[in-house]
Amino acid sequence: MVQYHALALLYDIKRNDRLALQKVLGQFTAEGQAPPKSPMAVCSLIRYTGAALVAHDQDMMVERQLLNFLNTCLRHKSEMVQFEAARAFFELADVEIKRNPRQAASMANQTIICNGVYDMSSAMAVMQVLLNSPKPVVRFAAIRCLNYLAKTRPGVVSRCNSDIEPLLSDSNRNIATLSLTTLLKTGQEANIDKLVKQIQTLMSDISDVYKLDIVRAIRSLCIQYPSKHRVLMGFLSSSLREEGSHEFKKELVDTIILVISQVPAATDLGLLHLCEFIEDCEYPALCCRVLTFLAGHVPSTEHPEKYIRFIYNRLILENAVVRGAAVDALAKIGLAVPSLRADIVTLLETADKDNDDEVRDRIRLYTATLKDAMSPVGSESTEATEDLEVLLTEKELPFSIDALYDSMLAQMSDPNTQDKEVDTSILPTPEAYRAQMREMEVERQQAMEASAAAASQGAIARMGGAKPSTAAGGASETEASTGSGPRGSGNGAGNGAASYGDAQQEFLNALSPLISSSDLGPLLHSSRGQMLTEQEAEYRVRGRKHIFKSYLVLEFVVTNTLEDVELDNITVKLSGVDDNGLFQEIGELGIATLTYGDTASAYVVLQKMDGGIHCARFGACLEYTVKEDGDDIGYKDEYPVEDITLTIGDHISPRGLPPGQFRQGWEAMHAQGGGETTAKHILGYKTLEQAIKGLQTSLNCEPCDGSGVISDETAARGHTLLLCGTFAGGMTVLVKCLLGIDPSRGCLLKLSVRAKSQAVTELVARAVEE
């Protein structure tokens, strides 16, 4: 146990230093080096080695050394160590397929992993031995591991089928079920009938988790062996008639729908199974799903009339939601099958007195549409009826529903257009609408910059800066000459702020539960995003700083990258806020729910105690409730992220100038009595290219007149970097950096900053020291 805890402690100390961790693993896994005596310590070492191999950031020699260590562990005397080593190889095989999804089919039968470096046949042989172990826990671990591998490499696992089949009669139900699902994933067409009979004996004694796994395996077999669809569909149908949870029934319905879509020969049989299911379905949502599917596929069958009875029964026996779905289904079938229109109209008229308003309105509308469709050819048909017929028969609307909502909202808010009909012909498609939303998200940052031109400069005036009236009234002559007014032109900024006002209002509305927009005041500046996690992390977090006169709003943009995991009640806890007395936390706004692939923002509002401009560093940690697939309760967890830093550069937005305008602005700034600060520094950069890139990052300014690139002529004698930016509140900042490399002292910098405010120049000059 001492070795186990010592190794765990050493790993925690070195885990954030890749080279140090690689050195530690190299010491323990070197050829000829005796491994720890404790099997538990060896298991930990195997897990650390596997994690290092999955990271795939070692050179070839180190990778071979780690693989040789895992291969040696397969011959360890402890079953626990053997299993852990074999599982590490299986995880590497799974990761390799995830990294190369296009080659998944070709890899399904291969035992070669790690780009051809290693053959995991030895690991498979170890698992075969463990399957025959007298210990139930060892057998369970082995079959569970093979079951996991069968998802990506069924051909490899099929070599163990002879050892797995005896486990079907294992006294432990969990082992028997895992054996069955593994055989289903790797099974051949000849033994499908035998496996289905075995399933029926196990279904009543296993949990829903294993039932779902069995249904997914059945789905794969139906697609792989279409000739066996009757046997497999019969099992799915019998399972639908038994008691089960909503998730289990939903998986069964989804499987039947997928098989119907992929195997045309199964259409009639699958539709009948679905019709029988809705006769006794206790879940309205599933019933509506099936009715919608029937409406789309019944018209294409040879005898669509035999399904009408099942749908009509839903119209007279179910609740309002299901009755509405049944009316929709009958109407769509009637429009698609002319021979059934008269009968369907008769059926709909029998339910014309439904006690639900929406169902009754649908029946009358669809009845009128069908009667109009039955009128003789050449008779007049209203344009509204034709449009309705198109909408009912089309699978997707030709326009975005969200765009329709926005259009109706804008129309109702204008008294002059409230009585006009909505013109759907001008609405964008769903793809075009989503593209517009992405553009608006990009323009959100531009909206922040545009509104900063008219913002109050109280924070700068407090430190001896320019008068607020200058920023509020418009750009000065100096700013006009350098093109540093709002968005680079005079009146263009006001128009830009007006056009982007909605995006800014949404941001303020999000903060309204914590603080009103009047208390916040105008937004001075929003910084660019700062990644607080690795790009490959399980949860990606990006931080942004929104700067107001007396407040600082920290935005944490969180993305959930874990499949089958839902995060609830996400909040951000800051540390170090009260350390220097410069800020006080007002409150926080969390994220209610974040499913896989979703992105949302959490906020923390801080008040500036003296209203000034300061640098700070805050520790941050996400706290949330994790709900995995099938778990309704979940458990609380936390996820530390990198510190979020507030720098002088966060108060500056980069701004480019036309060629030649930097020199004019530099001279004009001096002539008008603006402030200037000069400082000398010795920087830690080894080359001028690194110094240029580092200064751009720390000052967050844009190079001017092509000074961001070093020529061969200037590299020998030094380089002059010209930078321009806009300080929070709309004030132009010009920076001149004289750079040179001294062999004895390193990189030398002479920094000159000019702006209208002396206080601003001092602040910008300090940014290099951070």
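Which residue of β5 does Ser526 stand opposite? In this predicted model, Ser526 stands opposite His546 in β5. The contact belongs to the pairing of β5 with strand β3, residues 523–526, which is antiparallel and comprises 3 bridges.

Strand β5 itself spans residues 539–548 and is mostly covered, with 8 of its 10 residues buried. Two further strands pair with β5. Strand β4, residues 530–531, is antiparallel to β5 and joined to it over 2 bridges; here Met531 has Arg542 as its bridge partner. Strand β6, residues 551–560, also runs antiparallel to β5, and 9 bridges join the two. Within this pairing, Arg544 is placed opposite Glu555 of β6. A hairpin is formed by β5 and β6, with 2 residues between them. In general, strands of a sheet pair through hydrogen bonds of the backbone, in either a parallel or an antiparallel arrangement.

An open sheet elsewhere in the numbering contains 4 strands in the order β9-β7-β11-β12, and its pairing is antiparallel. Strand β7 covers residues 565–575 and pairs with β9 in the antiparallel sense over 3 bridges. In this pairing, Asp568 stands opposite Thr593 of β9.

Notes:
Residues are numbered from 1 along each chain as its sequence is written. This is a predicted model: local features need pLDDT of at least 70, side-chain atom pairs count only at pLDDT 80 or more; totals for chains, interfaces and linings use all residues. Side-chain values use heavy atoms; hydrogens and water are left out. Two strands pair if DSSP finds at least two bridges between them. Buried means under 20% relative accessible area, exposed over 50%, partly exposed in between (1.4 Å probe, protein chains only).
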